[in-house]
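Student: Please show me the model, and then let us go through it by question and answer.

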Amino acid sequence: MIEINKDRLVKTFLELVTIPSPSWNEHEVIAYIERSVAEYGAQCERFPCGESFNLLVKLKGNRKGETGLFSCHTDTVTPCENVRPIVTEMKIMSDGTTILGGDDKAAVAVFIEVIRNLKEKNLAYADLEFLFSCAEELGLYGIKGFPLKKLNAKYAFVFDSGGDIGAIVLKAPFHLTYRVVVKGKSAHAGIEPEKGVSAIRVISEMIHAIPHGRIDRETTVNVGIVHGGLATNIVAEHAEMALEARSLSKTKLNKIDKKIVSQLKTIASRNGASVKIKKNMEYEGFALSKENRVVQIAASAIASIGVMPKFEVSGGGSDTNIINRAGIEAVNLSIGMRNVHTKKEFIKIQDLIRGAKIVHAIIERL
Ligand SMILES: [Zn+2]
């Protein structure tokens, strides 16, 4: 099995997490990646996306085989300014005032280390593509804005899952969002309230009526934002909310969607209010099985470093959803990050090393 340069990998990771990269502001991290792989014969290409870039790094293979895609994202959630990582014998964590940013810089660091190893150790590999997407955390904007047709890969390995190393995400949900605007009728609340229709009352009736929380093993609904009204002495004319429905099953999602829309409309009309509903399919789901080749490659690579592969179903989306929809078989694999999106985020140093070993083992199998 390949030896990983622990000190160099940790150094790369620490340098990466101290570069702030909130969504759409990934430029410095992108430049860091380009600098880090420049001398290793990698071909870097930036693809503008919004105010930022997706970065594609290609390595021409020195043997025949299938092209593999390795993917992660360069942005992080906030607070990500002034990250002061604390390194102990076992792990790396933030100082408790910021996130760490291992989501997804652990994967960025691992990919850089792998690219260096391939050249330095004269390893054999088929053509490789590494995609570093931007603005993932806000809603997969980078990958959605990337021309996936440009890729040659048939199989993609996204490293953007947390928890124990060895986890393979086989399924992720369809994700539908709604903006709902209710218009009632304003009136003086003290003098003639009977002339008004309170949009706030109507929207609260809607919130109570629609399905909520966990609907079944595969399906969830959540109202995340509500606001409305202007003052206590006005019957509110306007109220709005944002909600989402997710399901691993398209059929179930369609069913719950019909229910939500019909209830919103019925309640609005029953109260003499009007409702506008704007829906958006944020991303489509995917479902792989242990028979899919991409899963078999990942599982065999994980097992080869002495870790038991663990198959998981996710309630969240990732770049993997979009890549799968483009016809490239893609799995999402754990890179070992823990407590992500919190100030208690950490990663075990051993997991960074194991992540790099898994990437090398996948490359051997392509
Ligand atoms: Zn992530």
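Tutor: A nonpolar core is a set of buried Ala, Val, Leu, Ile, Met, Phe, Trp, Tyr and Cys residues joined through side-chain atoms within 4.5 Å; buried means under 20% relative accessible area, with a 1.4 Å probe and protein chains only. The model is predicted: local features need pLDDT of at least 70, side-chain atom pairs count only at pLDDT 80 or more, and totals for chains, interfaces and linings use all residues. Residues are numbered from 1 along each chain as its sequence is written, and side-chain values use heavy atoms, with hydrogens and water left out.

Student: Which residues are the protein donors of the zinc ion?

Tutor: Donors are N, O and S atoms within 2.8 Å of the metal (3.2 Å for Na, K and Ca); water is not among the atoms, so sites may look incomplete. The donor residues are spaced H-x29-D-x56-D in sequence. At 1.9 to 2.1 Å from the zinc ion, they are His73 (NE2), Asp103 (OD) and Asp160 (OD).

Student: How many residues apart in sequence are the parts that His73 and Asp160 tie together?

Tutor: Both His73 and Asp160 are buried. His73 belongs to strand β3 (residues 68–73) and Asp160 to strand β7 (residues 155–162), so the pair joins parts whose separation in sequence is 87 residues.

How values were computed
Helices (H or I, at least four residues) and strands (E, at least two) are DSSP runs, numbered from the N terminus. Buried means under 20% relative accessible area, exposed over 50%, partly exposed in between (1.4 Å probe, protein chains only).
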